[in-house]
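Could you walk me through a protein model in plain words? I would like to hear about its metal site, its inner spaces and its charged pairs.

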Amino acid sequence: MAAAVKDMFPEARFGVGPVIENGCYYDFILPRTLIPEDLPLLEEKIVALLKRNLIFKVQEVTFERAIEIFTELKQPLKLELLNDLATRGTTSMSQEEAETIGIDLLNLKITIYRLEDEDTGEDLFVDLCRGPHIKSVQELGKLGFKLDKFSGSYWRGDQKRNIKMQRIYALVFNTQSDLNNFLYQREEAQKRDHRLLGQQLEIFTIHEEVGAGLPLYLPKGGLIRRTLESYCWQEAKKAGYQYVYTPHIGKSDLFARSGHLDHYRDGMYAPIEMINLKGEGKDETGKGEVFYLKPMNCPMHHYIYLYKPRSYRDLPYRLYEYGTVYRYEESGVLTGLIRVRGFTQNDAHVYCTPEQLTEVIGEAINRFTRAYKDIGITDYKIRFSLPDFENDKEKYGEETQEWRDSIRDMRKALDALGVDYYDAIGEAAFYGPKIDFQVKNVNGKEDTLSTIQVDYSIAPKFNITYKDKDGKDKVPVIIHMALMGSIDRFMAFMLEMTGGRLPFWLAPEQVRILTINDQVEDYVRQIKSVLDSIVLMKPLKYNELRYTIDNNNESLSKKIREAELQKIPVILIVGPKDIEAHEISVRMQNKEEKVKLEDLKNWLESI
Ligand code: ZN
């Protein structure tokens, strides 16, 4: 690539060119800005070069000789690297720089590689290189390679010096078919990126004036979210959870007691003073009461538990809320719905006796796995996150009886359900073991989607107790649970995993009627009255059918294409011929059939 660039731009100055995941890059100073059309031209040059009889000539030279060579080649950046090496050693280099330069510090020998045409003796490119990465130039011909993209960069990443470089990235694989495979998978992954799907399917948007990391749900996204929330609450209610509401902000005393102000400062926003914009509301000291946006809902739920004395008969006491929390994130890491600054948890807290732990956790795992199935998320793993008492005393402290008991009880619940899970030592929270539902996003990054966390440390801080059978006050086990973790992030993963093709019950627009012409108006009215009478009962009860009609004067094929782009599960096509036959053409992702009007209700209810 560097030889091809040198051929295209003889005055190019060369920076460094390290190996990276799936290929490499090289930084250049070029006489003009690259344009996309340059990449195929450079690729052609590379292919042409590889047809020549090339060899790599390795040369071991002294420092002085290396300076002479790169002075002659007019390569100031290489000279800078060499001089830095001489004055300050490899510590002055970045990892990439040190790796690309060939230096034997003990003997002060520098290796230089020349790409030479054996027939003509012409030097095509000379570089500092640790080499040899391959046996011969001919091996390159067998590789699958592609110049992928280019971008701007600064020499040695130093913006202050303002030496602007252009970086060309190459994908390199062992074979062409490996490369093709990679390209295909990458393209597929990009299509499933929830940010792209969110836009295409009109699910959410982020407006800079509202603020980065603060998503706005569009009507379709709103429908999906409401439906998901209704379903999760329906299932939690069956298991004995009680719905509560808590405010978005709380006094500093609350977060001091919960430990958030001590241990969670980095994730919290600066305090809100309870004064108005005119400065009214200050006390004698000239200050207002201090509040914080809540980073978690737990402390507020604890005060609901503490509202009145609880006895063992009240346990397990289960609270549930869609609680919106705010956590600080740097602007650079914000990503669609996955990393945001304000999000809503489907948060639940259970207060139970130690004896109830296995049952409470078993119910939750069961409910979570059922929900994943209903929602269409199949690719996930259950992780049993355990402490590492041996290597992380600082985080976990001593191995107490509580730790041992809870791990035993949680494992009992996992084993009793017969679900597949794996142990992960060192992944527990400092306050107790967890069961996490792990998924991967389109780029392969792993994340926890759902979590069940046992907490032994928080009850004493809030003096949370219950009166046991023996009349004694005891400390309950507290379990934090969130099926959807953050609803926002959950929706992002759900979109990526289903490619936006949501299950029928959850799709914002479940059915679209497409008319072939306007002779079918009366018949469509009959179909509508059937659809209006449909209320789905599975898996969410009382889920009224959501449908629209496309009776625009467009061609049928265009209407079908639009409905398919919107990933609408069921498309009903109605033409004049259907009126007499009293039927409708039904089109789904992988099937098409005729359904009688009188069977339509049953047919849709049984999807
Ligand atoms: Zn909690």
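This is a predicted model: local features need pLDDT of at least 70, side-chain atom pairs count only at pLDDT 80 or more; totals for chains, interfaces and linings use all residues.

Residues are numbered from 1 along each chain as its sequence is written, and side-chain values use heavy atoms, with hydrogens and water left out.

**The zinc site**

Let us start with the metal. The zinc ion has Cys298 (SG), His349 (NE2) and His480 (ND1) as its protein donors, at 2.0 to 2.2 Å. Donors here are N, O and S atoms within 2.8 Å of the metal (3.2 Å for Na, K and Ca); water is not among the atoms, so sites may look incomplete. Along the chain, the zinc donors follow the spacing C-x50-H-x130-H. The two histidines link distant parts of the chain, 131 residues apart: histidine 349 sits in strand S17 (residues 342–352) and histidine 480 in strand S24 (residues 477–486). Helices (H or I, at least four residues) and strands (E, at least two) are DSSP runs, numbered from the N terminus.

Are these histidines buried or exposed? Histidine 349 is buried, at a relative accessible area of 0%, and histidine 480 also counts as buried, at 9%. The word buried means under 20% relative accessible area, exposed means over 50%, and partly exposed is in between (1.4 Å probe, protein chains only).

**Two cavities**

How many cavities of 30 Å³ or more does a search of the whole structure find? The search finds two. A cavity is a set of points, on a 1 Å grid over the protein atoms alone, where a 1.4 Å probe fits but cannot get out; lining residues have an atom within 4 Å of a point. Grid points are joined across faces, edges and corners, and a volume is the space filled by probe spheres set on the points.

The largest cavity holds about 110 Å³. Its lining has 13 residues, with Leu201, Gly500, Pro508, Gln566 and Lys567 nearest the centre. Sorted by class, that lining has eight nonpolar, two polar and three charged residues. Ala, Val, Leu, Ile, Met, Phe, Trp, Tyr, Cys and Pro count as nonpolar, Asp, Glu, Lys and Arg as charged, and the others, Gly among them, as polar.

The second largest cavity holds about 40 Å³. Residues lining this second space include Tyr320, Asn346 and Arg367. Strands S17 and S24 and helix H12 (357–375) each supply at least two lining residues, and S24 gives the largest share, three residues.

**Salt bridges**

Side chains of opposite charge can pair when their charged atoms come close. The structure holds 44 salt bridges, each a side-chain nitrogen of Lys or Arg within 4 Å of a carboxyl oxygen of Asp or Glu. Three of them are shown here.

| Pair | Distance, N to O |
|---|---|
| Glutamate 116 and lysine 57 | 3.1 Å |
| Arginine 195 and aspartate 193 | 2.8 Å |
| Aspartate 470 and lysine 474 | 3.2 Å |

Glutamate 116 lies in strand S6 (residues 109–117) and lysine 57 in strand S4 (residues 54–61), so this pair ties together parts 59 residues apart in sequence. Glutamate 116 is buried at 11% relative accessible area, whereas lysine 57 is partly exposed at 39%. Likewise, aspartate 193 is buried at 12% and arginine 195 is partly exposed at 41%.

Methods: On a 1 Å grid over the protein atoms alone, a cavity is a set of points where a 1.4 Å probe fits but cannot get out, and a pocket is an open set with protein on both sides within 12 Å along at least five of seven lines; lining residues have an atom within 4 Å of a point.
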